[in-house]
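Dear colleague,

My notes on what was found follow directly after it.

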Amino acid sequence: MSDTPHPPQQQQRQPGREHEMEPRPQSAMAKYRAAGKLAGKVALISGGDSGIGRAVAVGFAKEGADVAITYLDEHEDAAETLRLIEAEGRRALAVPGDIGNSDFCREVARRVVQEFGRINVLVNNAAEQHMAEKLEDISDEQLERTFRTNIFGQFYLTRAVLPHMPDRGTIVNTTSVTAYHGNPTLVDYASTKGAIVAFTRSLSRQLLKRGIRVNGVAPGPIWTPLIPASFPADKAAHQGEGAPMGRAGEPDEVAPCYIFLASDDASYMTGQILHRMAGRS
């Protein structure tokens, strides 16, 4: 893990692309040592083409799961994630499309079940964010788009998957440090992440009778394609320097939280959020 700033860089559209970043995020779980914690499971990960989603996908494959991912249109990144999953001897599936569309989420669930027979683990991870210095700068279109991707997408995909999830399955939702500390230039994004915390806690209560555990992970500043796709080049270069640890984290440093929550190691946890916030409490 490097403590030096990243080179200034910016991407002009969301979601960003991992293969265009310099340096590339550490998302291949190269140093991770598995123990068969997800052997025989089928996992579905939204936004699994890059960043945290890719690291989780590869980590799950290392632990023995077959893995399906969704992504918007980052085909090159998705192909690399599939390669990494299959290199672990696991089956892989990638489905492109917009999780902010409920019809697409139903189609994803149908395709995964058709391919793998069931869905034991769901990771709601896909998200987008857009800087705005003032609330008045957030257009109706941006507000709706951010909510549709970040929280509507979690509702839609979970609703589509639950009929195909056996009892004692697991759901892991990605929230954010911004849900707890706020961010003056990411007001709409932070609001969706706060909603995800409430969604996680409420759904966990609802699904107790089925033995389905619902938890979440709240990352701090992590070096993913969202960073150059969201911020000016100079700001992206210094991402994470204001955190107590003084640097941005890598996807590989976050993915073990998802593995833990998806596995029987977390059998006595539901409705909880694990924080990977670089020292923030």
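**Findings from the model**

Leaving aside residues up to four places away in sequence, Asn120 touches Gly40, Lys41, Val42, Met165, Pro166, Gly169 and Thr170. Please bear in mind that this is a predicted model. Asn120 is situated in the loop between helix 3 (102-116) and strand 4 (121-124). With a relative accessibility of 10%, Asn120 counts as buried. The side chain of Asn120 is also joined to that of Arg118 by a polar contact of 3.1 Å.

**Helix 1 with helix 2**

A pair of helices is described by the angle between the two axes and the distance between those axes. For helix 1 (residues 51-62) and helix 2 (residues 75-87), the packing angle is about 20 degrees and the axes are 9 Å apart. Angles under 35 degrees count as roughly parallel, and helix 1 and helix 2 are therefore roughly parallel to each other. Their crossing is right-handed. On the side of helix 1, the contact is made by Arg54, Ala57, Val58 and Ala61, and on the side of helix 2 by Asp77, Glu80, Thr81, Leu84 and Ile85. By class, the residues of this contact comprise 5 nonpolar, 1 polar and 3 charged.

Arg54 deserves a separate entry. This residue of helix 1 has a relative accessible area of 7% and is buried, because buried means under 20%.

**Helix 3 with helix 4**

Val108 also belongs to the contact of helix 3 with helix 4. The axes of helix 3 and helix 4 (residues 140-161) come within 8 Å of each other and cross at roughly 35 degrees. This crossing, too, is right-handed. Helix 3 contributes Ser102, Cys105, Arg106, Val108 and Ala109 to the contact, while helix 4 contributes Gly153, Tyr156, Leu157, Arg159, Ala160 and Val161. The contact divides into 7 nonpolar, 2 polar and 2 charged residues.

**Two residues with positive phi**

Met29 has a phi near 50 degrees, a positive value in a residue other than glycine. Met29 is found in the segment before strand 1 (42-46) and is buried, with a relative accessible area of 2%. Arg168 likewise has a positive phi, of about 75 degrees, although it is not a glycine. Arg168 lies in the loop between helix 4 and strand 5 (170-174). In contrast to Met29, which is buried, Arg168 counts as exposed, at 65% relative accessibility.

**Tyr258**

Tyr258 is part of helix 9 (residues 251-262). The relative accessible area of Tyr258 is 0%, and the residue is buried. Apart from residues up to four places away in sequence, Tyr258 touches Ile52, Val56, Phe60, Val123, Asn125, Val172, Thr174, Val217 and Pro219. With one of these residues, Thr174, Tyr258 makes a polar contact from side chain to side chain, at 2.7 Å. Tyr258 and Asn215 are 43 residues apart in sequence, and their C-alpha atoms are 9.1 Å apart in space.

With kind regards

Note on methods:
Residues numbered from 1 in each chain as written. Predicted model: local features only at pLDDT ≥ 70, side-chain atom pairs only at ≥ 80, totals over all residues. Heavy atoms only, no water. Axes fitted to C-alpha atoms, helices over the stretch in contact; angles between N-to-C directions. Helix = DSSP H or I, 4+ residues; strand = E, 2+ residues; numbered from the N terminus. Parallel < 35°, antiparallel > 145°, perpendicular 65-115°, else oblique. Left-handed = near helix turned anticlockwise from the far one by under 90°. Contact = heavy atoms within 4.5 Å. Nonpolar A, V, L, I, M, F, W, Y, C, P; charged D, E, K, R; others polar. Buried < 20%, exposed > 50% of the residue type's maximum accessible area, 1.4 Å probe, protein only. Polar contact = N/O pair within 3.5 Å; in protein donor to acceptor, adjacent residues only side chain to side chain.
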